[in-house]
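The sequence and the model are shown below.

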Amino acid sequence: MYQKEIKQSNENIVFHSIYFTENSFSIPDLTKITNMTFPTIKRVINEFLEKDIIKEWTLSTGGVGRRAVRYKYNPDFCYSIGVSVDEEKIKFIMINTVGKILQSKTVETINEDFITFFEKNLKDFIVEIDPKHLSKVIGVGISIPGIYNKESHFLEFNNIDRYESSIIKELEKKIGLPIWVENEANMSILAEAIIGKHKVLTDFTVISINNKITCSTFHKFGNKSEDYFFKASRVHHMIVDYENKKESWRLYII
């Protein structure tokens, strides 16, 4: 088990090193960046080549003797489906690993059982995906405006209905893909921290304003890609029209 954890940790470190660069790289480059040995990097590179995570790019020039092979990250080695839910519409997208949108669709919500409506439209979107892309789809991420409470096993797709979290497992079986659900503020902050403008920051807060207000705080405490935590807060907001002078107050529940 310990060896397996070390192997996974090494792969995570190398992946993090190549994900954030558009330049080609060689094994010697990665040994300098990660402080890992040549054989360790070579093993990880071979694993990534098999999984199509990287591709051979060119042979490096200059120097004497055998030239080093250079590689480049392949952002299309897998795809994911993103779903944004609000009270008026549901947005579906399919993206590659750097957030490039390859397919999108928006449907207006109608007055019927939400879960039935959601399941039907998710299945329809999946059917519309090009088969060459669908074979590389690794899962579905769903952003919801309400709470997803993992301890109490419930989630809120809107401000009215609360559902048992077991419906997600049932939906996974029906579409044949893993599903990850999270509050919209947490989803936003992860996107900013990983591929957005704020990926260099260690602490920041994202506030999402639409027909409601949500916020989430992000903190990075180490150098590893998994060394972070985040937490959303529910923001209650009210406008008070007192003598034609609008005032507002907010109550933050952490």
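## Aromatic pairs

Two rings of Phe, Tyr or Trp count as a pair if their centres lie within 6.5 Å; planes over 60 degrees apart make the pair edge-to-face. The model examined here is predicted. Across the whole structure, the search finds 11 aromatic pairs.

In one of them, the ring centres of phenylalanine 15 and tyrosine 73 are 5.7 Å apart and the planes meet at 80°, so the pair is edge-to-face.

Phenylalanine 15 is partly exposed, with 27% relative accessibility. Tyrosine 73, at 10% relative accessibility, counts as buried.

Phenylalanine 15 also forms an edge-to-face pair with phenylalanine 77, at 6.5 Å centre to centre and 75° between the planes. Because phenylalanine 15 lies in helix α1 and phenylalanine 77 in the loop between β3 and β4 (79-85), this pair ties together parts 62 residues apart in sequence.

## Cluster of rings

Through ring pairs, Phe15, Tyr19, Phe48, Tyr73 and Phe77 are linked into a cluster.

## A charge over a ring

A contact of another kind involves phenylalanine 154: the charged end of arginine 162 sits over the ring of this residue, 3.8 Å from the ring centre.

Key:
Residues numbered from 1 in each chain as written. Predicted model: local features only at pLDDT ≥ 70, side-chain atom pairs only at ≥ 80, totals over all residues. Heavy atoms only, no water. Phe/Tyr/Trp six-rings, centres within 6.5 Å; stacked < 30°, edge-to-face > 60°. Buried < 20%, exposed > 50% of the residue type's maximum accessible area, 1.4 Å probe, protein only. Helix = DSSP H or I, 4+ residues; strand = E, 2+ residues; numbered from the N terminus. Lys NZ or Arg CZ within 6 Å of the ring centre and 35° of its normal.
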